[in-house]
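Below are my notes, as numbered points, for you to read beside the model.

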Amino acid sequence: MMLNKTPMYLKIIKICGLSLWFIITVFPLYWILLTSFKPANQIAEYPVRYWPRVFSLENYMSLFSKAQFGTYMFNSLTVALLGSIVATSIALLSGYTLSRFTFRSKGAVLIAFLITQMIPMFIALGPLYQMFTTLGLVDTRAGLILIYIAMTIPFSSIMLRGFFDNVPDSLEEAAMVDGLNRFSALWRIIVPVMLPGITATFIFNFVNIWNELFLSVTLINSDSKRTIPTALNSFISSFNIEWGPMSAAAVLTIFPTMILFSFASKWIVAGLTQGATKG
């Protein structure tokens, strides 16, 4: 029996296509990193240099000397971590309910969760800002965390529901036969099995909150409470763009998510695979 071999020209096309995709994907990151190490007088020089004549840390130093970048990073980490932890915890319970129980309005709840993802945030901005003003939550980190929690719970619940659907009901039934109640069975039996899915959902929430700009610009006015995306936006003015400091800030902004993905890549792949198949 003869095996079908892929023609050489198809392999060449595949390699060339992947190489082109790699260059298009990586080059913007390389250029941001390169610009962050260029002195101000080399950033806009012509002809373009793809390797700086002199490496300089002045852009990074100016972030912490002229701007409160350490404060911005602390604010972003606080908001993203707390918002992701709380949203994932709540979504874990709602996803479990949607997966394990049948009730009359279940379909309506799922549709409502999906509809919230289709509505642009700026449509609800007026009522939302008025409500936050009444509650005294404008220009507070607590208000920003609350809106991020509300924003990420619907889709997180749908994600975790898919993961729960792949965990056999027999695990809980066996645990309850041994004397555990449903809540104890969830936390002691199901959650350890669900760790890849929970990790994938947490990282999804963290990255969305970390990169969110529109709400943070609208609800935060004080410089001491700004998050990193808002700070990056401040480098763009009507007549000038500070490319050097903005590139340095972008590099520092990418690091936390890169570190998170590098440590949790195994869990992410396992979680997404688990949620994509029906057990």
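Is Glu-172 buried or exposed? Glu-172 is buried, at 3% relative accessibility; here buried means under 20% relative accessible area, exposed over 50%, and partly exposed in between, with a 1.4 Å probe and protein chains only.

1. Some ground rules to begin with. This is a predicted model, in which local features need pLDDT of at least 70 and side-chain atom pairs count only at pLDDT 80 or more, while totals for chains, interfaces and linings use all residues. Residues are numbered from 1 along each chain as its sequence is written, and side-chain values use heavy atoms, with hydrogens and water left out.

2. On the fold: the protein chain has 13 helices and zero strands, where helices (H or I, at least four residues) and strands (E, at least two) are DSSP runs numbered from the N terminus. Among contacts between residues at least 6 apart in sequence, 72% join residues at least 24 apart; a contact means heavy atoms within 4.5 Å.

3. On overall dimensions: the radius of gyration is 24 Å, whereas a compact globule of 279 residues would have one near 19 Å. That radius is taken over C-alpha atoms, and the globule rule is 2.2 Å times the number of residues to the power 0.38. The C-alpha trace spans about 75 × 75 × 35 Å along its principal axes.

4. A salt bridge is a side-chain nitrogen of Lys or Arg within 4 Å of a carboxyl oxygen of Asp or Glu. Because Glu-172 lies in helix H8 and Arg-182 in helix H9 (residues 182-193), the pair ties together parts 10 residues apart in sequence. Arg-182 is partly exposed, at 33%.

5. Asp-169 is partly exposed at 41%, whereas Arg-100 is buried at 17%. Arg-100, Asp-169, Glu-172 and Arg-182 are linked in a network of salt bridges.

6. The whole structure has five salt bridges, including one between Arg-226 and Asp-223 (3.4 Å, N to O). Arg-226 is partly exposed at 22%, and Asp-223 is partly exposed at 30%.

7. Please also look at Ser-216 in helix H11 (residues 214-219), which is buried with a relative accessible area of 0%. Its side chain reaches the backbone oxygen of Leu-213 at 2.8 Å. Beyond its neighbours within four places in sequence, Ser-216 is in contact with Leu-144, Tyr-148, Thr-227 and Thr-230.

8. Lastly, Trp-21, Phe-22, Ile-23, Val-26, Phe-27, Tyr-46, Val-48 and Tyr-50 make a nonpolar surface patch of about 920 Å². Patches are made of residues with over 30% relative accessible area and no salt bridge, with like charges joined within 9 Å and nonpolar side chains (Val, Leu, Ile, Met, Phe, Trp, Tyr) within 5 Å. Phe-22 lies in helix H1 (residues 8-36) and is partly exposed at 49% relative accessibility.

Definitions and conventions
Areas by Shrake-Rupley, 256 points an atom, 1.4 Å probe, with all protein chains shown as cover. Polar contact = N/O pair within 3.5 Å; in protein donor to acceptor, adjacent residues only side chain to side chain.
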